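Please open the model in a viewer and keep the selection tool at hand.

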Amino acid sequence: MEVVLPEIVLRGHRVVKGKAEAEAIVTRDSISFMGGVDPTTGTITESGSELEGEKISGKILVFPGGKGSTGGSYMLYDMAKRGTGPRGIVNVRTDSIVAMGAVMGNIPTVDQLEKNPFEVIRTGDYVIVDGDSGTVRIRKD
Amino acid sequence: MLRGKMGPAVQKSIEILFTLGEIYNAQGMIPVDNVHMPGSSVVVAGDAGTEFVEEMADTKVAFKTRTTLNPAAIDFVRWKEIGIPDAYVEKQKKLSQAYQSMGAILSHTCTPYLAGNLPRIGEHVSWGESSAISFVNSVLGARTNREGGPSALASAITGRTPLYGLHLDENRKPRLLVKVSARLSSITDYGALGYYVGGVCKGENPLFTGIPAVASIDDLKMLGAALASSGSVALYHIRDITPEAKWAEEVSAKEKLKEVVEFGDAELKKAYEDLSKTQTDEIDVVCIGCPHNSIYEIGHIASLLKSREVSSNVRLWVCTSHSVKSDSDRMGYTRIIEQAGGIFMCDTCPVLSPVKEIAKRDSLKTIATNSAKLAHYAPGQCNLHPRYGTLENCISAAVFGRWK
């Protein structure tokens with residue numbers, strides 16, 4: 001018998017089209033994909049960051065938005081092509097550097113959810129990002 | 001352009017700009033004639049970005065705008081002396097040639113405003129490089145969003161950028177006040193100020209008061225670079241100093257701006273402590289010039305190194321543009337610095353070159369710097385643990401091999 005998990009649906013703003021689903025990894029720290037992430041392994045390297053040493057590859061990455069280096073667009077694109085990037089992105093507000101990288105790397109992205117994502121999504125939740133409709137579905141164990 | 005009548009590169013570029021415009025609800029496209037190109041280093045562009053740029057160049061498209069390049073992954077003259085692995089040299093030469101073939105100037109610097117690219121007040125431009133973006137928006141009063149490699153390239157190819165964000169008055173308004181009561185007496189203090197404020201202001205435009213009227217271009221360069229590293233600040237205003245400050249103060253009074261960040265002696269001290277991520281006194285590398293040194297900073301380094309010698313256990317890297325270095329040559333600064341054992345690193349810097357590999361190969365662990373931006377990126381990007389201090393502290397560390 002299939003177990004149906006309770007699902008929360010949040011509406012938001014479409015940033016990059018496409019659908020992606022995976023386990024969420026959540027941080028309240030902004031991310032610089034250049035200088036803050038190792039593109040070869042998909043590991044966060046920024047000293048003092050909540051996710052320092054954690055892998056974001058294949059996950060739905062939930063974070064406030066980008067910061068720092070403008071090299072982040074190509075780095076995120078490079079990670080997507082290598083297969084070390086996140087599968088989908090949920091932001092409070094996607095900045096232009098992350099947006100450009102996600103566009104190039106075809107990483108479905110949604111921002112400006114109707115609820116604060118940090119109050120709803122926890123690391124380990126199963127999340128479906130729908131960049132076509134601008135919604136995010138969250139399944140909790 | 002969208003239908004591809006002007007060739008595949010123009011078509012792809014305008015698609016990128018339209019997509020960006022759609023995301024940010026842009027009011028249309030505006031013409032630009034000035035691009036500073038991020039992703040000029042193969043370390044930043046990665047294989048994917050490098051391939052993308054080279055494919056664009058292969059179509060024989062020509063840039064419509066004045067275009068300068070951000071630092072490369074190598075010093076084109078001294079890469080061997082610096083120890084940059086051979087593998088990066090050919091790759092970088094190819095990428096630089098691709099940009100050049102489309103019409104870019106081989107400036108390879110993060111301070112293009114010190115090397116001939118100086119947008120005017122109110123000019124709409126399309127710039128990458130977080131520190132340079134904050135400089136042109138804030139100090140020069142030109143207008144740019146934070147452009148990543150693909151959108152800056154698309155702007156250079158089409159001469160267009162989407163009209164949203166910092167191109168519009170509404171988004172150039174100050175959103176928080178920063179009252180500076182600490183005494184700022186070196187560029188390192190300005191870096192500490194920027195690092196602290198960047199961490200607390202969540203990308204909102206700050207309006208500073210209490211910054212002395214004698215603040216130099218070098219001070220503001222360090223302030224902006226730090227603001228853009230710990231945060232994503234792309235525009236700041238400073239009472240009596242920056243060109244839009246008077247307008248920003250009127251806005252702030254009218255909108256009764258309340259959020260106030262205080263920056264006193266305690267915050268200054270905390271920023272220095274946060275930036276020094278190691279307590280080790282043994283120093284392996286000393287790096288000055290992030291963002292790239294001005295000729296005045298190089299003169300200062302030379303005056304501190306006169307008749308002294310860099311410790312044999314330390315590498316002293318002095319980063320700058322090729323164009324500033326040629327002034328340094330004429331002034332005799334280069335000779336003094338090189339005779340003391342310092343190494344010039346032109347066209348590149350530790351953040352954008354493969355220093356992580358050099359550090360691993362040569363067992364380098366610590367770096368001393370007067371740059372808040374470099375101190376911020378050194379652990380993640382170079383695998384080097386920073387000590388943050390004044391130029392005098394750093395040069396002394398280079399000479400004695402120890403932090404004092």
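A residue is termed buried if 20 or more other C-beta atoms lie within 10 Å of its own, exposed if 12 or fewer do, and partly exposed in between, with C-beta atoms placed from the backbone. A nonpolar core is a set of buried Ala, Val, Leu, Ile, Met, Phe, Trp, Tyr and Cys residues joined through C-beta atoms within 7 Å. This is a predicted model, in which local features need pLDDT of at least 70 and side-chain atom pairs count only at pLDDT 80 or more, while totals for chains, interfaces and linings use all residues. Residues are numbered from 1 along each chain as its sequence is written, and chains are lettered from A and ligands numbered from 1 in the order in which they are written.

**Stop 1: the core**

Select A:Ala102, B:Ile157, B:Leu193, B:Val286, B:Cys287 and B:Val318; of the 168 residues in the largest nonpolar core, these touch the most other members. Helix 2 of chain B contributes the most to this core, with nine residues; helices (H or I, at least four residues) and strands (E, at least two) are DSSP runs, numbered from the N terminus. As general background, nonpolar side chains tend to be buried together in soluble globular proteins.

**Stop 2: chain B as a whole**

Next, select chain B, which has 16 helices and 14 strands. Its radius of gyration is 21 Å, close to the 22 Å that the globule rule gives for 404 residues, so chain B is as compact as a globular protein of that length. The radius is taken over C-alpha atoms, and the rule is 2.2 Å times the number of residues to the power 0.38. Along the principal axes, the C-alpha atoms of chain B fill a box of roughly 65 × 55 × 35 Å. Of the 404 residues of chain B, 58% count as buried.

Colour chain B by domain: domain 1 (8–169), domain 2 (173–273) and domain 3 (277–400), with bounds that come from an automatic or database domain assignment. The C-alpha centres of domain 1 and domain 2 of chain B are 27 Å apart. Their contact takes 13 residues from domain 1 of chain B and 16 residues from domain 2 of chain B, where two residues are in contact if their C-beta atoms, placed from the backbone, lie within 7 Å.

**Stop 3: the side facing chain A**

Now display both chains. Which helix of chain B supplies the largest share of the side that touches chain A? In total, 31 residues of chain B are in contact with 30 residues of chain A. Helix 1 (8–23), helix 2 (42–58), helix 6 (149–158), helix 8 (217–230) and helix 15 (372–382) of chain B each supply at least two residues of this side. The largest share, six residues, comes from helix 2 of chain B. By class, the side of chain B that touches chain A has 11 nonpolar, 15 polar and five charged residues. Here Ala, Val, Leu, Ile, Met, Phe, Trp, Tyr, Cys and Pro count as nonpolar, Asp, Glu, Lys and Arg as charged, and the others, Gly among them, as polar.

**Stop 4: two covered helices**

Select helix 6 of chain B, which is mostly covered, with 10 of its 10 residues buried. B:Gly159, with a positive phi near 70°, follows helix 6 of chain B.

Move to helix 8 of chain B: 12 of its 14 residues are buried, so this helix is largely enclosed by the rest of the structure. Its cover includes helix 5 (130–140), helix 7 (187–200) and helix 15 of chain B.

**Stop 5**

Return to B:Leu193, which, leaving aside its neighbours within four places in sequence, is in contact with B:Val180, B:Leu184, B:Leu223 and B:Phe263.

Then centre on B:Val318, found in strand 11 of chain B. B:Val318 is buried, with 26 other C-beta atoms within 10 Å.

**Stop 6: backbone details in loops**

Select B:Cys290 and B:Pro291, whose peptide bond is cis, with omega near -5°. B:Pro291 lies in the loop between strand 10 (285–288) and helix 11 (295–305) of chain B.

Is B:Ser307 buried or exposed? With 7 C-beta neighbours inside 10 Å, B:Ser307 counts as exposed. B:Ser307 is not a glycine, yet has a positive phi of about 60°.

Finish at B:Asp347, in the loop between strand 12 (343–346) and helix 14 (355–361) of chain B. B:Asp347 also has a positive phi, of about 70°, although it is not a glycine. With 30 C-beta neighbours inside 10 Å, B:Asp347 counts as buried.
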